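I opened this entry to keep track of what I looked up.

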Amino acid sequence: MHFLFALLIIVSVFASEEDYSLEKKHYKYCGVELSYASFKEYIESHEQVIVEFYSDTCPACKRMEPVWNRISCEAKTEFPELRFAKIEGNHNLDIVNAYSITHTPTIAFFKKDIRTPTRYDGGKYYEALKYFIRDMREEKDRGSPAMLLKDIDQAWMFTFWRGATDQSILPNISGYFETKDCDEYREFVKAAVSMGDSIRIAECFNMTVRDAYELPKQRATLVMFRDFDEKESIYDQEWTAESIIAWAQTYSQKTIGRAEADTIKNYFKGSGVMVQLFVNETYVGLEWMAFQDYLWEQVAQPLIENKVYKRNTFSIVVSDGVKYAHWMKNAGLKSVDLPAFFLIDFSSGLKYGSRITPTMETLDHDLYQFLDEFTLGLLPPLRVDEDEAEL
C-alpha cells in the first residue's frame, strides 16, 4: 500500500453542530411571537418587520437563537422603527405554505407589503444578519457581512469547526487587514456580500492572530482553510471582488470527500464527474482523514498538475464497501470485491466502470488511470438495473 498516514495535530475538535454566535453572553428575545391570527395585521401595521420562520424541533434554529435574540434587543435603540417577530412553522402551516417555506430557520424582511418580503440568504451569524438589516433599511454605512474575529480563540473556533456532514473542516475564508481604509478591504466586502451563504467568511483586524497563523505580514491577506487538499490557500491574485469570488468558488470545491447513507446525496449536487470509491473500512482502520489526504496527494493533485482535469471539475468520494455493497450492485458493477469504483458523468447522467481490477497496493495508479481513460473515451458504460434504488 503506497499511502502513509499523516499525524494531524488539531488544537481542538469542535462539536458537529456549530454555534453560530461566538459571543457567549445570553440575550432574551426582545420581539413578538406571531400566529396565523395575528400575522397579517402585525405586518401591515408596521413599516418594517423582520420575521423568523422557525421550528421547535429545528437544531439550526436553536443555534441561530443567540444571534437572533441579541440583534432583536439591540434593534430597540439601533433600529427603532424595525420590529422583530417570529412564527413557529409546525403550528402555522397556512402561513408557511403561503410563502413556500421549505426549511427553517428562514428569515424574511417585510416593508408593510405582506405579499413580497425579501428573504435573507446570508451567513447565519451576527455580522451577516446585521448587514442584511442595514441593507434592507438602505442605510449608507452597511458595514460588512463577514464574521468579526476578535482574538485567537475565536479564530480557531471559526477556522477549524468541523461540519456535521462528514466531520471535515468546512471550507472557510478569513481576511486579515491592518486597516479598513484600503481598496483591498473594500473589494473583500463586495465579494463577501455577493457570496452570501455559499462559503463561511470572516474578517480580523488583530494582527497578533494573523502572526499566530504565520501568514504574510502585509496590509491585507486572505486565506482559505479546508481539509484534505492543500490545507490552506493564500490569495495571491488581483484585489477585485470578481477575482476573489472566482478564487473562492474554485478552491472551496471539495475534491475529496467521504459519504455515508445520510450524506451521499450531497455529492450529487455538483457538476463535472464524480468517482465513487469503495474500500474496506477495516483495511483503512480509523485513519479516514489520512486516507483522504493520500487520495489528494497521490491522485487528485497529479491530475490537476498534469492538466488532465481542472480543479472543481471532478471529485473522489469514499464509502465503506462492506456496509454499502448494495450501492455497487445498484450502480451496475458485476463484482463487490474491494476496492472498487465507478464514475458518474453529471452532464449525461451515465455511469462508467473500470477496465482493470484495482488493488489497494496500486490504488493511486489505478484511480489516476481510470480518470485519465474517461477523458479519452475508453471507459465502458455501466448497465444499471431499472429498479435501482440508490446512487
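I worked from a predicted model.

I looked up the strand order and found an open sheet of five strands, 6-8-7-9-10, with mixed pairing. I then checked the edges: strand 6 (147–149) and strand 10 (232–234) each have a single partner strand, so one side of each has no neighbour in the sheet.

Strand 6. I looked at its pairing with strand 8 (residues 200–204): the two run parallel and are joined by three bridges. Which residue of strand 8 is the bridge partner of leucine 149? I found cysteine 204. I also checked the accessibility of cysteine 204: its relative accessible area is 1%, under the 20% cut-off, so cysteine 204 is buried.

Helix 8. I traced residues 241–251 and found that this helix lies across strand 7 (172–177), strand 9 (220–225) and strand 10. Its angle to strand 9 is about 20°.

Disulfide. How many disulfides does the structure hold? I found one. It joins cysteine 30 to cysteine 73, with an S to S distance of 2.1 Å. The link is right-handed, with 75° about the S-S bond. I located cysteine 30 in the segment before strand 1 (32–34) and cysteine 73 in helix 2 (residues 59–78); the pair is 43 residues apart and links distant parts of the chain.

Accessibility. I noted cysteine 30 as partly exposed, at 27% relative accessibility. Cysteine 182, at 2%, went down as buried.

Conventions
Residues numbered from 1 in each chain as written. Predicted model: local features only at pLDDT ≥ 70, side-chain atom pairs only at ≥ 80, totals over all residues. Heavy atoms only, no water. Pairing = 2+ DSSP bridges. Helix = DSSP H or I, 4+ residues; strand = E, 2+ residues; numbered from the N terminus. Contact = heavy atoms within 4.5 Å. Axes fitted to C-alpha atoms, helices over the stretch in contact; angles between N-to-C directions. Disulfide = S-S within 2.5 Å. Buried < 20%, exposed > 50% of the residue type's maximum accessible area, 1.4 Å probe, protein only.
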